[in-house]
Amino acid sequence: MTAQLGEWLDERFGWKRVWELIFLRKIPKVNWLYTLGSATLFVAVNQIVTGILLTIYYVPTPDHAYDSVQYITSQVPAGWLIRGLHHWGASAMVVLVVIHMIRVILYGSYKYPREVTWLTGVFLLLTVLGFGFTGYLLPWDQKAYWATTVGTRIAGVMPVIGDSILKMLRGGTDLSAVTLARFYGGHVWFLPVALTGLILVHLYLVIRIGISATPERGE
Amino acid sequence: MALEPRMGRRDFLSLATWAIGGLIAAAYAIPGVAYLIGPALQKAAAQNWISLGLKTKVPIGTPTLFQATIQKQTGWIVNQDEISVYVLTEDGRDYIAMSNVCTHLGCRVRWVDDQGEFFCPCHNGIYDRQGNVISGPPPRSLDRYQVQVQGDELQILGG
């Protein structure tokens, strides 16, 4: 019955071939360090799922942000878990993308013909750091406020254009409701769109070109 | 001849992958659903006795409007809410307190003294002075509060 339904759908979707190409493709004999990309992808999915859930209760304005986060943590069923997963997942994300990058460097996997995969990976790393920077402000507690004050000030010390960058980041000269709103918009719209697009290209290249084998001595 | 294993290594790993994947999906889905339907699971807030005013303000046989302020918590925000309550006594001893919220779709009813009935302007719902439906769309009589008299003071249970 299920097999028949599968056949019926396959005739119309042609998914079996795609499934085989993605999940049953031949790969060289590699080690566990080659799973870091998949681990990152798993945590990224975790961030997307828990992040979408958090927007149900979170309110990004100075008079509600802190209270709504406290409400999620202490009142909403499993709210502590959803927020905890998002919080710790954010740190895991940064750690994983960095050691994934180190693996790629040490094994020389960035070389021809995988330069574009590497390049999209660099932008993915920057996107993840952007997520970390914008997301850190959202709980609107003392740590968030001062971390963002310092972080935007660092961007502001750049010669000539520093002041403009600072005003662009803060939405004015001071940290305010405007800052919180644009960090939130960046965190839930701009960066997720960038992340999704980059992941699709990155994964397409990983599957299309195939992954690199572990380098041999003298290679 | 070696026994043919019932399940090969490949099939076992495939099954294990699906099973672990299913467990992980459930580990997200169950708290996720609880998180989303949380507001529907919340118990009604505790009720307190709220002071309305002096019972001597209520003439016998005429519903009289009282206003009270209650604290209402929605999410993390505590609001002051004004509620309006009609109080009626037929004999000066027993009091009934009625909400002025129409049981049809939540508009506010008002007491029309000339007709001797409550009137809801939204869809012409009409109630008698005890709050029973006379005509129009309301499905039931006006909601009542529990009343108690402390000395000369009228109190209702709400919150």
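In the predicted model described here, A:Val160 is placed in the loop between α7 (142–156) and α8 (162–170) of chain A, where helices (H or I, at least four residues) and strands (E, at least two) are DSSP runs numbered from the N terminus. The phi angle of A:Val160 is near 65°, a positive value in a residue other than glycine. A:Val160 is exposed, with a relative accessible area of 82%; buried denotes under 20% relative accessible area, exposed over 50%, and partly exposed the range in between (1.4 Å probe, protein chains only). Most residues other than glycine have a negative phi, and most peptide bonds are trans. A positive phi, of about 60°, is also found at B:Asn124, which is not a glycine. B:Asn124 belongs to the loop between β6 (117–120) and β7 (125–127) of chain B and is partly exposed, at a relative accessible area of 47%. A cis peptide bond, with omega of about 0°, joins A:Tyr112 and A:Pro113. A:Pro113 is located in the loop between α5 and α6 (115–137) of chain A.

Residues are numbered from 1 along each chain as its sequence is written, and chains are lettered from A and ligands numbered from 1 in the order in which they are written. Because the model is predicted, local features need pLDDT of at least 70 and side-chain atom pairs count only at pLDDT 80 or more, whereas totals for chains, interfaces and linings use all residues; side-chain values use heavy atoms, with hydrogens and water left out.

Chain A contains 9 helices and 0 strands. The C-alpha trace of chain A spans about 55 × 55 × 30 Å along its principal axes. Of its 219 residues, 32% count as buried. Among contacts in chain A with a separation of 6 or more, 68% are between residues 24 or more positions apart, a contact being defined by heavy atoms within 4.5 Å.

The C-alpha trace of chain B extends about 105 × 35 × 25 Å along its principal axes. In chain B, 29% of the 159 residues count as buried. Of the contacts in chain B between residues at least 6 apart in sequence, 44% join residues at least 24 apart.

At the interface, 23 residues of chain A are in contact with 15 residues of chain B. The area buried between the two chains is about 1,500 Å², with carbon and sulfur atoms giving 74%; buried area is the accessible area (1.4 Å probe) that two parts lose on being put together, summed over both.

Within the individual chains, charged side chains are paired at several positions. The structure holds 5 salt bridges over all chains, each defined by a side-chain nitrogen of Lys or Arg within 4 Å of a carboxyl oxygen of Asp or Glu. Across the interface of chain A and chain B, the rule finds 0 salt bridges. In chain A, A:Asp163 and A:Lys167 form a salt bridge (3.4 Å, N to O). These two residues are 4 residues apart in helix α8 of chain A, so that about one helical turn separates A:Asp163 from A:Lys167. Both are partly exposed, A:Asp163 with a relative accessible area of 45% and A:Lys167 at 38%.

In chain B, a salt bridge joins the side chains of B:Glu90 and B:Arg129 (3.1 Å, N to O). This pair links distant parts of the chain, 39 residues apart: B:Glu90 is in the loop between β3 (77–89) and β4 (95–99), and B:Arg129 is in the loop between β7 and β8 (133–135). B:Glu90 is partly exposed at 35% relative accessible area, and B:Arg129 is partly exposed at 35%. B:Arg93 forms a salt bridge with B:Asp91, with the closest N and O atoms 4.0 Å apart. B:Arg93 is exposed, with a relative accessible area of 65%, whereas B:Asp91 is partly exposed at 33%.
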